[in-house]
Amino acid sequence: MEKIQYLAQAYFHQDYDLEAENPIQVLTEFRDAEPPEVVEELRDAMERVLTSGVCEEELTALWLDRAGACYDPRQDGMEMSVWFRQMIDALP
């Protein structure tokens, strides 16, 4: 959870959309700026969350409430589980 919270607060803060053209580009910036082990730990943490069987509501609460992200993929018509899968796929 710590790595997800770090991504959410450090990269998906209230002005994230001024720093990147789209949310996936924010992940690219994270991948390029952070040490490889941090990127791998985040990817592993997100994989664990998805494979734990949490429902969409729980994923939403985790990303927006507990982690503190300002980006809500539901505003782009995307389910939270799809967003988590896209984040995982954007990380090596």
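The side chains of Glu34 and Tyr11 are joined by a polar contact of 2.6 Å (a pair of N or O atoms within 3.5 Å, one able to donate a hydrogen and the other to accept it, with residues adjacent in sequence counted only if both atoms are side-chain atoms). The model is predicted, with local features requiring pLDDT of at least 70 and side-chain atom pairs counted only at pLDDT 80 or more, whereas totals for chains, interfaces and linings use all residues. Residues are numbered from 1 along each chain as its sequence is written, and side-chain values use heavy atoms, without hydrogens and water.

Glu34 lies in the loop between helix H3 (23-33) and helix H4 (36-51), helices being DSSP runs of H or I of at least four residues, numbered from the N terminus. Glu34 is buried but has no salt bridge, the nearest side chain of opposite charge being that of Lys3, 7.5 Å away; buried denotes under 20% and exposed over 50% relative accessible area (1.4 Å probe, protein chains only), and a salt bridge places a side-chain nitrogen of Lys or Arg within 4 Å of a carboxyl oxygen of Asp or Glu.

In H5, the buried residues are Leu59, Thr60, Leu62, Trp63 and Leu64. These residues fall within an arc of 165° when seen down the axis of H5, so they line one face of the helix, the arc being that of the directions from the helix axis to the C-beta atoms. Glu57, Asp65 and Arg66 are exposed on the face of H5 turned away from its buried side. H5 is followed by Gly68, which has a positive phi, near 85°.

Terms used: Helix = DSSP H or I, 4+ residues; strand = E, 2+ residues; numbered from the N terminus. Lys, Arg positive; Asp, Glu negative; His and termini not counted.
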